[in-house]
Amino acid sequence: MSVVSVERKSAPEPAWTYAPAPESADPGIRKRYGLFVNGEFVAPADGKYRTIVNPANEQPLCKVAEGSAADVDRAVKAARQAYTRVWSKMPARERGKYVFRIARLLQERSREFAAAESKNGGKPIRESRDTDIPLAIAHFFYYAGWADKLDFAFPGMRAKPLGVCGQVIPWNFPLLMAAWKLAPALATGNTCVLKPAETTPVTALKLAEIIQMADLPPGVVNIVPGGRPTGQAVVEHPGVDKIAFTGSTAVGKWIMKALAGSSKRYTLELGGKAANIIFEDAAIDQAVEGIINAIFFNQGHVCCAGSRLLVQEGVAGSLIEKLQSRMNHLIVGDPLDKNTDVGAINSKEQLEKIDRYLVIGQEEGATMWQSECPLPQHGYYVRPTLFTNVSQSHRIAQEEIFGPVLAIQTFRTAEEAITKANNTPYGLSGGVWTDKGAKIFKVTRSLKAGVIWANTFNKFDPSSPFGGYKESGMGREGGWHGLAPYVRLERV
Amino acid sequence: MSTLQAPYPSWSPSPPVDQVGVEERVARLSARSIKKGSKVTALKLALSMIDLTTLEGSDSVGKVRQLCDKAKHVHDALPDLPHVAAVCVYPTLVRTAKEALAGSGIRVAAVATAFPSGQADRETKLRDTRFAIDEGADEIDMVISRGEFLEGNFGYVYDEIAAIKAVCDRAQLKVILETGELGTLDRVREASDLALAAGADFIKTSTGKIQPAATPPVALVMMEALRDFHLRTGQKRGLKPAGGIRAAKQAVQYLVMLRETLGDEWLTPERFRIGASTLTNDIVMQIAKETEGVYQSNDYFSQA
C-alpha cells in the first residue's frame, strides 16, 4: 500500500466553550418616553423623568416620564371619555377586531419586543423570545376571540363592562403582565389606565406604539409609568371602577385597605412560596429538569416559582447530587446571548434583598451551595443557589425571596409532604412529581394552591385560569375565569 | 432462556423516564447557538469521534481498503484535521482493515454476535467474537438479544453481555441496545443500566439497520444512565449513537447534550463515538466553509 504519511494532530483539546451568540435584533428603544395618554405620548405634568437602567451592565437605557397624581387624573379622565363616548358603544365584534389587530402587530414585531424586554428587564433572550412575547400575543388573541361571545361565556346573563380599569403591574414579566391585564379588559369593553413597574416600563411603552398603529380610539388604553406614588394615585383615584394588581403581598394588603368601603372591584395576584414535591417513584432526571425550570426560570423572579423543594428521603441524596451537577451547567450572564440560561437580577434593590436572604439562610443554620459558574464583572447577578438542611421554621422556607434561591426540605410520606406544602401563608402554585397517576390526584387535591402542575412546572396558557389562595391573592386571571372580574352581570 | 442469576443491576430498579420531559430537554439543548470558533472546535471534535462504518453484505476487501484510506485522509486539503476514531466492519474484513490502518492510530471495530439481529445461540456468538478478536479487532460492537430482553429475561441478556465481555480480552466492548426495537424510553434506560452493570465499555444505540436509529431523546436517556453509573461507581463509560446522524449540525447537537449532561470529561473519543459514514464529509464541508467562507459542492470531497 502506498500511503503518504502525513503528520496529524490528535483530537483537539476537550475544553470546549460556546462562543458568544448575541441576539442581533434592534430593540427599538427610544431615548425618551413620555406618558401615553389619550392616544399620544405627552410630557408629564411636573416634567420629571426617571432614568431606566439595563440591569445586565448597570448602564442607562433611556429616560421615562414619571407620572404624578395629576397625570393619573388626566389619564383616568381620558379613559372615562373614551369609555362613554366610544368604547362602551362600539359593537363587540368591532372591539374584538382592535384586540386582534394588537395581537397581530405584536406578532410581527415580536423579535424586537423580545430584545427590548431582555435589555430592560435582564431576562434571557431565550425566555423573552420563547415565553414572554409569544404568551403575551396569545393572550391578546385569546381574549380578542371572547369579545363578541360574552353571551356564551355567561348564559342567560348579559355581561356589561365596568368602566375604567386601573391596572398596576410588576417588573418580572413586563409585557406579559400588561397583556394579562389589558386583553380581557379591552375585550369586555372597558378602558384602561396601566401603570408599568418603575424599573421596567419599556415594553409597555412600546406596546403604546402598537396601540397607536392599531388605531385604537384615543383614551381606550393609557399608560402612566412611575413608582409607588403613581400606583397609589391609580388605586385611590375616584374615577376608577376596578383595580387589577400584580405584585407583592404587602402592597396587595395596602390596596385592600385603601379600597375598603369603596365600590371599586379588585383582583390581586400576589406573592408565593410554592412547594415542588418530588416523590421517589418520579422520573428523577426529568424532575431535576423540572426543578431547574421551577426556580431558575426568569432568575426566580416568578410569583409562582417552585422555591421550596420537598424531596422524599429515599431519593434526596442522589437527587441533590444530580441537581448540583445540572446547576453547574447553567450559563449565567448576558441576557441578550442566545445561550444564556439565567440572566441578570432586575434591579440593585432586588439583588440586595436576595443577598440578605443568603446571609439569613446561613445564619439560621441551613447549608448553602452555589453553582460554580463565572459571573459577569458588571451588572446585577446571583449564582444559582440551593440550601439544604432547611427546616419549616426557617425564614428562607417561609418568605418569598424572588430570586434564584432554592430551599430544599425532605419528607417521608405523602401526608408529611402535603402538611409541609400547605404550611405557608401563600398558596399560588405547586408541583407534584410521581410516575403514579393516582398519587397525582390524591396529592394535588389536598394542596391549597391555585395552580398545580404534575410532572412539569411553569407551564402557562391563556385559556388556563391563574390565581392564588390565602395571601397569594384574590380572583383569577386567564381563561373564562379571567373575564368575570371585568364584567357586571345582568339578567337578560 | 435462563433464570435471573445475578443481582441486576443493583437492588434498586432503573428510574422511570418521562418521555415528554426528555423531549423538552432535548429541544432546549438543540436550541444552543454554536458559532464561529466554538463551531469549528466542535466539528473537529466530532470528526475525531467518528467510527467510519461499512456494514453491507456487499462489503469487499477493495471497499474496506477505500474506506480505510478515507479514514486516514479525510480531506488532506485542510490542515490540522484529526483522523477519525475507528473503522467499523464485519469480522471477516477486520484483517484487511487492520493492515490498511497499520500505524495510523485508527482503531478497528468489528460487529459481532450475529449482527444485526443477534438471533443465534450463545456459542455461535462467542465464536463470532473470538474470531474477530483473533483477526485483530481493537473493539467489539455486540448486539443484545432483544427478544429475550423484551420477554423480560434480563438475566439472559446480562449473562450474554458478561460472557462476550469475558472473551473480549483487551478489546473494548460496545453493547448495541437497538433502541428502535425497544419501544419505550423506560426500556432504553433499563437496557442501558443492565449493559453497564454487565461490563459494557460503551453503550451503543443502534445497528443502523432498524429505523429509528439514534435519536437525541434516546441518547439523552443513555447519557443519564452513564452519569448515574458514574455517580454510583466512579467509572466513566462511553456512549456511541449510531445510524441516522448524517449532518454536522446533528453531531454538534449531540456534543452539546454530552457536554451538558456528562461534562467535559466525556468530550473525547475514549468516551464518545458516532457511528456514521456520510457524516464525515458533511463535517469536513462545514469546516471548509468556516475557513473559506463559501460552501463547495460534493465533488470537492472524496467519497469512500
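The contact brings together 33 residues from chain B and 29 residues from chain A, where two residues count as touching if their C-beta atoms, placed from the backbone, lie within 7 Å. This is a predicted model, in which local features need pLDDT of at least 70 and side-chain atom pairs pLDDT 80 or more, while totals for chains, interfaces and linings use all residues. Residues are numbered from 1 along each chain as its sequence is written, with chains lettered from A and ligands numbered from 1 in the order in which they are written.

On the chain B side, α1 (19-30), α2 (36-48), α9 (216-233) and α10 (248-261) each supply at least two residues; helices here are DSSP runs (H or I, at least four residues), numbered from the N terminus. The largest share, eight residues, comes from α2(B).

One of these helices, α9(B), has 18 residues and spans 25 Å from first C-alpha to last, close to the 26 Å expected at 1.5 Å a residue (1.5 Å times one less than the number of residues). Of its 18 residues, 14 are buried, meaning that 20 or more other C-beta atoms lie within 10 Å of the residue's own, all C-beta atoms being placed from the backbone. Just after α9(B), G234(B) takes a positive phi of about 80°.

Over in chain A, α2(A) passes α7(A) in a right-handed crossing, that is, with the near helix turned clockwise from the far one by less than a right angle. Here I102(A), L105(A) and L106(A) of α2(A) meet I210(A), I211(A) and M213(A) of α7(A).

Key:
A residue is buried if 20 or more other C-beta atoms lie within 10 Å of its own, exposed if 12 or fewer, and partly exposed in between; C-beta atoms are placed from the backbone.
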